[in-house]
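Hi,

Here is the structure I said I would pass on. Have a look at it, and then read my notes below.

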Amino acid sequence: MSDASNGAGVSVGQITDPSVGGQPPVGGNPRGGAKSAFGRILGGAAGRNLGLVIALIALCIVGAISAGPRFTDVENFMTIIRFASVTGVLSIGVTFVIIAGGIDLSVGSVLGLATVIPTLSAVQTFAGQSSWLVMVLIALAVGAVAGLINGVVIAYGNVVAFIATLSMLVAARGLAEIFANRSTQIVRDQGFLSFFRGDFLGVSPLIWIFLIVAIAGWVLLNRTTFGRRTIAIGGNLEAARLAGIKVKRHTMYLYVLAGLTAGIGAVMMMARTTVGTSTHGTLYELDVIAAIVVGGTLLVGGRGTIVGTVFGVLIFAVLTNIFTLNNLNTSVQAVVKGVIIVIAVLLQRRFAERSSRR
């Protein structure tokens, strides 16, 4: 598929892989046509998402059996999604980074920093005449600036993404502690609290934000040149460069996007907890990467879906809820989650090897 926007007309071979949205090859054995088509569907994104749906249903059955009415209550399901919404929004931004072959370990710390600065500003500057929209904009700006720094260092400084974002993880957490002086800032703005404590059509604003970000992410990845370039860079960096894609600039945009979703997550975290503190988002980066991997996005880049990421987030949220309702200790939870991640990575490798043999 050529890059229509720049007119370079150079094919990016990786995009022709049906698993990332390209068209299947024409021709082949006519006797095995129906079987091959069915196999291609199961081997593609639809098949992987079907597996995630089955896994989620199986978990719900386990929850219903082990926890009974406490799990099957509608309010419990709403609570699961509401608590998963922050991780979900962060995961959608990082999915773009990983599809492009990068990694972002800093989103949890950036989220913490983006809760501290707005709440401090509200206390010191806007108290009494506060505008909660200003607080929201500050959180988004903090996230975007952190993402921009990551993007510039990685794309133009040629620093490995793992090192650059690990440095941001440490630096953002340290800045949050310095600004907050290791204290918790309480969100006192009544407009902010009233908005997020309400509901729309009986659903929490946090869930609506998660849904809107997920839809926007899906459209951006699957229906725009930005998304096609992201997949192309992750599939074959050199081919993407030869196709005329400005790889460095696009990479920078991807990290800004991840930072921006961390800013959105910060707003949601402040709404959920009504405080801003440097400990917000601790270890969230691990939950985010785990959900993305379980959702089928390849850590080496080139393949991934927003739908898969959403299911990955929900699977871990349901699993955590089952653990909590059955009073399993956190150590057991960590072991089980670790096993799930290893299984997901092994399955990814098997799918990748099978795709390469086709």
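One term before we start: contact means heavy atoms within 4.5 Å. Also, this is a predicted model, in which local features need pLDDT of at least 70, side-chain atom pairs count only at pLDDT 80 or more, and totals for chains, interfaces and linings use all residues. Residues are numbered from 1 along each chain as its sequence is written, and side-chain values use heavy atoms, with hydrogens and water left out.

First, the helix pair. On the α4 side, V86, T87, L90, S91, V94, T95 and I98 meet Y284, D287, V288, A291 and I292 of α13. By class, this contact has 8 nonpolar, 3 polar and 1 charged residues (Ala, Val, Leu, Ile, Met, Phe, Trp, Tyr, Cys and Pro count as nonpolar, Asp, Glu, Lys and Arg as charged, and the others, Gly among them, as polar). Helices here are DSSP runs of H or I with at least four residues, strands are E runs of at least two, and both are numbered from the N terminus.

How do the two helices pack? The axes of α4 (residues 74-99) and α13 (residues 284-294) are 9 Å apart, at an angle of about 65°. Axes are lines fitted to C-alpha atoms, for helices over the stretch in contact, and angles run from 0 to 180 degrees between N-to-C directions. That angle makes α4 roughly perpendicular to α13 (65 to 115 degrees; under 35 is roughly parallel, over 145 roughly antiparallel, and the rest oblique).

L201 is not a glycine, yet its phi is positive, at about 60°. You'll find L201 in the loop between α8 (190-197) and α9 (205-222), and it is exposed, with a relative accessible area of 68%. (Exposed means over 50% relative accessible area, buried under 20%, and partly exposed in between, with a 1.4 Å probe and protein chains only.) L283 has a positive phi too, near 65°; it sits in the loop between β2 (275-276) and α13 and counts as exposed at 51%.

Is S109 buried or exposed? S109, in helix α5 (residues 107-124), is buried, with 1% relative accessibility. Apart from neighbours within four places in sequence, S109 touches L169, A172, R173, G281 and E285.

Finally, the whole chain: there are 15 helices and 2 strands, and 47% of the 358 residues count as buried.

Cheers
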